[in-house]
Amino acid sequence: MQRQKYIAVLALAAILILSAGWLLRPREIPNSPAPLPTESELALLARRAERRSLDSMATYFAVTAGDVESAIVYLPGAGTSGVVWGDGIIVTAPLLQQAVGTVTVQSGFGQDRAEPMIWGPRVPLAAVAIGDELVGLRQVITATSIPETGSWALAVWRAGRDRSFAPGNYLQSAFATCGERRVEEVVSSLVLTPMMVGGGLFDIDGGLLAVILPCGDRVAAIATSSVAAILTQADTSGQRVLARYGLVIGALSDDEAAYFTLNDGVMVREVWTGYLGAEAGLLPGDIIEALDGTVVTAPGDVQALGEPPGEQALELSVRRGETVLTIVLAATDIEAVLETAATPGAGLVWDVPPEPYRIDAVIPDSRAAVAGIEPGDRLVRIDHAEPRSLAQVQQIFADTVTLPVLLDIERGERRLAVLVH
Amino acid sequence: MNELTSIGLILLLALLAGHLVKVLRIPEVTGYILAGVALGPSMLGWLSQENLVALGVLSEVALGLILFSVGSVFEFSRFRRLGRQVLLITLVESALAAVVVTGGALWLDQPWPVAVLLGVIATATAPASTLMVIRECDSAGPLTENLLGIIAVNNLLCIMLYGLITAVIDLTIGLEGISTLESLYRAAFWFVWQIIGSAALGYLVGLMLAGWSSQVTESGEILILLAGSILFCVGASRGLNLSPLVASLAVGATMVNLAGRSRQLFDTLSNTDPPFYAMFFVIAGAELDVARIPAMGALGLVYIIGRSSGKFAGAGIATWRLGLDSKVRNFLGFALQAQAGLAIGLTLAVNSRYPQFAPVVTTVVLASAAVFEMVGPTSTRFALVQAGEAGLGKVTRADVLPVEG
């Protein structure tokens, strides 16, 4: 009986507990599940997700472009971009041939003058040196590995202060001809346009793959390894002389020394049209006897020509045939050159015939061929004198004649000195 | 495939797997679970996620039946005899497992709520697979008795601890849009409701069952009565937001103390419930996400090692302190390793309650449950066989109950 009572009391308690609990239960936290999305909503959601992922990709490219932005400058004079290659050195498109003076370089923060260091007709690029004035610049970081085919690549360049970029896909690296050089080119899906020239092609991590440069009449992305090689090769004294004055200067060979009856000497081998050397009146076959009063016997003695141009003009003492001339090479200023160009060696302004004798063919292994004359060359002078008639030319080259002759040959934009014997 | 085909396939393959693993001296339960793993979405995928959701009801009923059986350990006469030591052992082994796992997780720089939640979940020992192994081994003796008591108390303790811990977490981090006072009330209410409320419901259902059973004699009718009571209990718990686990335990406990013919009732049940259990374990196996095991990482390893060592050490220390038989002392730790249902259930609760901690807790608990549930039953069987208790019982589970008088 007692037990029954306990059981009943417990049952009552249980009922009370359950009722009280049910009444006192805390309110539901409003957490109504969203209604199931419809088909069209799902499709829209998928599209938005894709859109978002595209947006975030575009954002990523913009961020990467922003990261490398400080390594890209703009050269307002040339209208091209430039890549901050190394310590104060900017690699850009080739400068105009005569632009020997300083150039303006613009970064995102300001602008400064820069001295051209490396440029020239055979070099598909130019390097200029900037001072410390231009703040906020950062040297590019070269890509550490070759990207996989199909991976993202980003072209970044400047138009004025503003940075522009275009994403594409890396395809491959291949060797191609750029001007007179074999270079490694980075091929991508990007269409490279002249406005991108001087900009960089970066991988997705902001590592520089290539510099965008003109190659003849097309624009190509030249791999960093090739850019580095070109810079090294172009940074020689001879290349600098060619770049600055359009001159190729070399020591006399034994045959040439015999021809000139000299023991040693330095001869102007090539003169490029439109350069300071040509403007000053130098001609191929000229023997440089003295530079600023110092006697010249070996190419090392004219190294001053390859040094960075100073304020002073250089004075050359030149022997041309029997005549000795004084020729002044202007320092940097193109206007100065044009002024002085009228007064080199008095009375030696040549009356060049409208059509110099054109060489149609060269017989292999002939004297001319051995000397390096090529079909298409034009004969300007023979032994420092303009040929008077075809008969005279034919006589000079007759088989019976074995005397060496010094020819002044025009080949494209160049004039060359060639000794035929 | 449709649900009926699934059920058929589950039963047949469970039987086949059970036969196969017997050769390897591995408990049938493990065979069922492995069959489930193979059929489930994480491997062959014959049982899809939808199938599992649909079969979830069967699984719940089976768990109700199992806990109803486990509840029979709360018989007064037995509890008077074993209660103190069972409580002590459970407290020590659970506390040690919780402390070691929490410490390990904190050491791995987990936020404290994650560490503590993992610690609490680590205390749970799977009642279902443990009970099934006891039945399969026909085991009886001091180890078996203690083990049955421990798995019953252990699960209650785990639910209480979870209630306490979530209350503390809620009060500390606060729930969105709820004042401190309300979140305190909410936490306290949940705690009391889950334990006391569920017990009250179980008591009422058990009372009804005990009273009605004296009027019913035919075994078929007894079965209908039992099945009806347990289904009602599980369903009502769901509806009232109570714990079906605690409620089912309470039904079993009430009945074993009040019904004069409780033994006959449990006998009847044990003759008919194997298909449910087979289904329960196959479904449990299919729900195990074995693919997660490699993803659990260092934290998962710490959880597994911490929980195992905590249970071993706790069981060892407590039984040594109580001066129990060396067989119990040496092998109780092995018998406590299984973990599944409650741990997974608590993970689901963590998922909905603390979404910010859910990824870590879910990965660790589900991955380690896959490990424990495959190794645990074998470990339990090993303990029972080594302690020399296997085969000492009679054929039915009712024999693990003390012989009255």
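Q: Which residue in E15(A) stands opposite A:Met267?

A: Two strands pair if DSSP finds at least two bridges between them, strands being DSSP runs (E, at least two residues) and helices likewise (H or I, at least four), numbered from the N terminus. Here A:Met267 stands opposite A:Ile287, and 2 bridges join the antiparallel strands E14 (residues 266-272) and E15 (residues 287-291) of chain A. This is a predicted model, in which local features need pLDDT of at least 70 and side-chain atom pairs pLDDT 80 or more, while totals for chains, interfaces and linings use all residues. Residues are numbered from 1 along each chain as written, with chains lettered from A and ligands numbered from 1 in the order written.

Q: Which strand pairs with E15(A) over 4 bridges?

A: That partner is E17 (residues 314-320) of chain A, in the antiparallel sense, where A:Val318 is the bridge partner of A:Ile288.

Q: How many residues does each chain bring to the contact?

A: Residues are in contact if their C-beta atoms, placed from the backbone, lie within 7 Å; chain A gives 12 residues and chain B 13.

Q: Why does B:Ile151 count as buried?

A: A residue is buried with 20 or more other C-beta atoms within 10 Å of its own, exposed with 12 or fewer, and partly exposed in between. B:Ile151 counts as buried because it has 27 C-beta neighbours inside 10 Å. B:Ile151 lies in helix H7 (residues 142-173) of chain B, and, leaving aside neighbours within four places in sequence, its contacts are B:Val70, B:Thr125, B:Pro127 and B:Thr130.

Key:
Contact = placed C-beta atoms within 7 Å.
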